[in-house]
Amino acid sequence: MPKISNSDLKKMRGAYDHEVARHLVDIARNRSTITYAQLAALFGRTARNWGDPLGGIALRCHDAHVPLLPVLVVNAATWMPSSGAVLYKDLGLDDEAAIRREQQNCYDFDWSKTPLGK
């Protein structure tokens, strides 16, 4: 099982992006997903290197005991999060079925009761 190093976890936490997190709440409310390229176009970035910002969001979600919003960011070819997103395995999402369940959890969750959903 992958284990993210403490320095990588710290880097991810520091890369947290509140505006991206709020946008992912909107994606969840629309019961949809967004590709890395679409997210990049919205935020003026490249489609690569989203690991730290999305990792930061995933860690905040995990710490707050809410669904992991970054599972809604998917590869256009596979419609799944990047296979390089090893943090998900560390957070208990070991396979495609677990990712799909977490996506459904994002859709079903009442985000209005969180700072991201207000």
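These are my notebook entries on a predicted model of one protein chain.

**Ground rules**

I number residues from 1 along each chain as its sequence is written, and I use heavy atoms for side-chain values, with hydrogens and water left out. Since the model is predicted, I ask for pLDDT of at least 70 for local features and 80 or more for side-chain atom pairs, while totals for chains, interfaces and linings use all residues.

**Entry 1: elements**

I listed the secondary structure. I take helices (H or I, at least four residues) and strands (E, at least two) as DSSP runs, numbered from the N terminus. The protein chain has 6 helices and 2 strands. Read from the N terminus, the order is α-α-β-α-α-β-α-α.

**Entry 2: overall dimensions**

I looked up the radius of gyration, taken over C-alpha atoms; the globule rule is 2.2 Å times the number of residues to the power 0.38. For 118 residues that rule gives a value near 13 Å, and the protein chain has 13 Å, so the chain agrees with a compact globule. The C-alpha trace spans about 35 × 30 × 30 Å along its principal axes.

**Entry 3: surface and contacts**

I sorted residues by relative accessible area: buried is under 20%, exposed is over 50%, and partly exposed is in between (1.4 Å probe, protein chains only). Buried residues make up 41% of the 118. For areas I used the Shrake-Rupley method with a 1.4 Å probe; for residues, only the protein chains shown count as cover. The protein chain exposes about 6,600 Å², and carbon and sulfur atoms supply 50% of that.

A contact means heavy atoms within 4.5 Å. Of the contacts with a separation of 6 or more, 68% join residues 24 or more positions apart.

**Entry 4: charges**

I counted Lys and Arg as positive and Asp and Glu as negative, leaving out His and the chain ends. I placed each charge at NZ of Lys, CZ of Arg, CG of Asp or CD of Glu. The protein chain has 15 positive and 13 negative side chains. The centres of the two sets lie 3 Å apart.

**Entry 5: nonpolar core**

I define a nonpolar core as a set of buried Ala, Val, Leu, Ile, Met, Phe, Trp, Tyr and Cys residues joined through side-chain atoms within 4.5 Å. The largest one here has 35 residues. L24, L54, I57, L69, V71 and L72 have the most contacts inside this core. The elements giving two or more residues to this core are α2, α3, α4 (51–63), α5 and α6 (96–108). Helix α2 supplies the largest share, 6 residues. In soluble globular proteins, nonpolar side chains tend to be buried together.

I then followed L69. Leaving out residues up to four places away in sequence, L69 touches A21, L24, V25, A28, I57, C61, C106, W111 and L116.

**Entry 6: positive phi**

Most residues other than glycine have a negative phi. I noted two with a positive value. R31 has phi near 55°. R31 sits in the loop between α2 (18–29) and β1 (34–35). R31 is partly exposed, at 45% relative accessibility. W79 has phi near 60°. W79 sits in the loop between β2 (73–74) and α5 (87–90). W79 is partly exposed too, with a relative accessible area of 44%.

A40 lies in helix α3 (residues 36–43). A40 is buried, at 3% relative accessibility. Beyond its neighbours within four places in sequence, A40 contacts R45, T46, A47 and W50.

A41 is exposed, with a relative accessible area of 65%. From A41 to K3 I get 31 Å, C-alpha to C-alpha, at 38 residues apart in sequence.

**Entry 7: helix α1**

D8 is in helix α1 (residues 6–14). D8 is partly exposed, at 33% relative accessibility. D8 and D52 are 44 residues apart in sequence and 8.2 Å apart, C-alpha to C-alpha.

K11 is also in α1. K11 is partly exposed, at 48%. K11 and G56 are 45 residues apart along the chain, and their C-alpha atoms are separated by 8.1 Å.

**Entry 8: after α6**

T114 falls in the segment after α6. T114 is buried, with a relative accessible area of 9%. Not counting residues up to four places away in sequence, T114 touches V66 and F109.
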